[in-house]
Amino acid sequence: MDAIEKLFPDAIRMRFEDIQQNNDIIQSLAAFHKYGSDQAPLATNTGRVNAQRGGGFFSGVLTALTGVAVVLLVYHWSSRESEHDLLVHKAVAKWTAEEVVLWLEQLGPWASLYRDRFLSERVNGRLLLTLTEEEFSRAPYNIENSSHRRAILLELERVKALGVKPPQNLWEYKAVNPGRSLFLLYALKSSPRLGLLYLYLFDYTDTFLPFIHTICPLQEDNSGEDIITKLLDLREPTWKQWREFLVKYSFLPYQLIAEFAWDWLEVHYWTSRFLIVNAMLLSVLELFSFWRIWSRSELKTVPQRMWSHFWKVSTQGLFVAMFWPLIPQFVCNCLFYWALYFNPIINIDLVVKEVRRLETQVL
């Protein structure tokens, strides 16, 4: 270095002046100098073991969260009944009295008020299909609350139409629609706007309507309605609901998913929390992506990026649809639980990296 300074003093002086006039280079050198100074004491005092201390904390957090996710995964596989034994696969005419009570209790916490009445009458599936609103309102059932009767009758009509119990939670929906549940899980993670557009176009009545009534309820519907009652609401959304939905859909799509998971906390205690955390992390990552585009003056590339993203997601969806019958069920379950429980852990690390990168750019 000394020899170069002696041989080319004029060139070095001109280069040094150019560097001092360039603010970007000065900021980069300052950041490099700061992080180099921070690492130097660690290298001299503690050696190689503590040189990796910066990532040790986050590695420990990720390891702990991974352990929690594995425990939850084992719990769901061990504690839940077989998917083939669920009522969504059993004809309603073959339900026992205990299974009828199980169906009733899944309508909401309020249904436990009528549990003993149905058990005492030994209401099985065949008898359930014959009951009417008038019989529900008088002895021995005595369901005086009109909203409770309406919820039971609405669900009973769906049972009669399908011949089986319609899915009323995540695990039952997965048992009935394994391919669609996996597709929606990945679509809402990688492209929530396209995923919700898919629901609107191809699954409007069964999925999209309950979704919008849950996340954008009417003001008068907030008085005591549980999640299952909202799930059974098939009315057309009002303009106020559409307006609220479109604003969140355009700017905060992951908030829609978080709000939907929040309403399912009583049904899916831990799973809903994983979904909420993942939605928050994905919102932060999306914000970082927009910030990079804005800071690099690449707004003109947004339409091209959107088209490329649409083409990529559509191609992947078509590819999965074509080869879905050939994919083993075990592989599908692994992919499903990976996206459900392990993706939030991965996204924590991605957010930390983005924050560090932003700090480097600022310095």
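User: Which residues of helix α6 are buried, and what does buried stand for here?

Analyst: Buried is a matter of relative accessible area: under 20% is buried, over 50% is exposed and what falls in between is partly exposed, with a 1.4 Å probe and protein chains only. In helix α6, which covers residues 97-105, the buried residues are Ala-97, Glu-99, Val-100, Val-101, Trp-103 and Leu-104. Helices here are DSSP runs of H or I with at least four residues, strands are runs of E with at least two, and the numbering starts from the N terminus. This is a predicted model, in which local features need pLDDT of at least 70 and side-chain atom pairs count only at pLDDT 80 or more, while totals for chains, interfaces and linings use all residues. Residues are numbered from 1 along each chain as its sequence is written, and side-chain values use heavy atoms, with hydrogens and water left out.

User: What do the buried residues of α6 pack against, and what does Glu-99 touch?

Analyst: Contact means heavy atoms within 4.5 Å. By that criterion the buried residues of α6 pack against α7 (115-120), α8 (125-128) and α10 (146-162). Glu-99 counts as buried because its relative accessibility is 19%, and, when residues up to four places away in sequence are not counted, Glu-99 touches Leu-87, Lys-90 and Lys-94.

User: How is a pair of aromatic rings described, and what are the values for Trp-95 and Trp-103?

Analyst: The description of such a pair rests on the distance of the centres and the angle of the planes. Rings of Phe, Tyr and Trp (for Trp, its six-membered ring) pair if their centres lie within 6.5 Å, and planes under 30 degrees apart count as stacked, over 60 as edge-to-face and the rest as tilted. The count by this rule is 26 aromatic pairs. Trp-95 and Trp-103 form a tilted pair, with 6.2 Å from centre to centre and 45° between the planes. Trp-95 is buried, since its relative accessible area is 3%, and Trp-103 is buried as well, at 0% relative accessibility. Elsewhere, Tyr-200, Tyr-204, Phe-208, Trp-242, Phe-245 and Tyr-249 form one aromatic cluster.

User: Where does a charge sit over a ring?

Analyst: The criterion asks that NZ of Lys or CZ of Arg be within 6 Å of the ring centre and within 35 degrees of the ring normal. The charged end of Lys-174 sits over the ring of Phe-336, 5.3 Å from its centre, and Arg-273 lies over the face of Tyr-269, at 3.9 Å from the ring centre.

User: How are two packed helices described, and at what angle do the axes of α13 and α17 cross?

Analyst: Packed helices are described by the angle between their axes and the distance between the axes. The axes are lines fitted to C-alpha atoms, for helices over the stretch in contact, and the angles run from 0 to 180 degrees between N-to-C directions. The axes of helix α13 (residues 192-202) and helix α17 (residues 253-262) come within 8 Å and cross at roughly 65°. The contact is made by Pro-192, Arg-193 and Leu-196 of α13 together with Pro-253, Tyr-254, Leu-256 and Ile-257 of α17.

User: Which residues of α13 meet α16?

Analyst: The axes of α13 and helix α16 (residues 239-251) come within 9 Å and cross at roughly 145°. From α13, Arg-193, Leu-194, Leu-196, Leu-197 and Tyr-200 meet Trp-242, Phe-245, Tyr-249, Ser-250 and Phe-251 in α16.

User: Is Phe-288 buried or exposed, and which residues is Phe-288 in contact with?

Analyst: Phe-288, placed in helix α18 (residues 269-295), counts as buried because its relative accessibility is 13%. Leaving aside neighbours within four places in sequence, Phe-288 is in contact with Val-351, Glu-354, Val-355 and Leu-358. The C-alpha atoms of Phe-288 and Leu-358 are separated by 8.8 Å, although these residues lie 70 apart along the chain.
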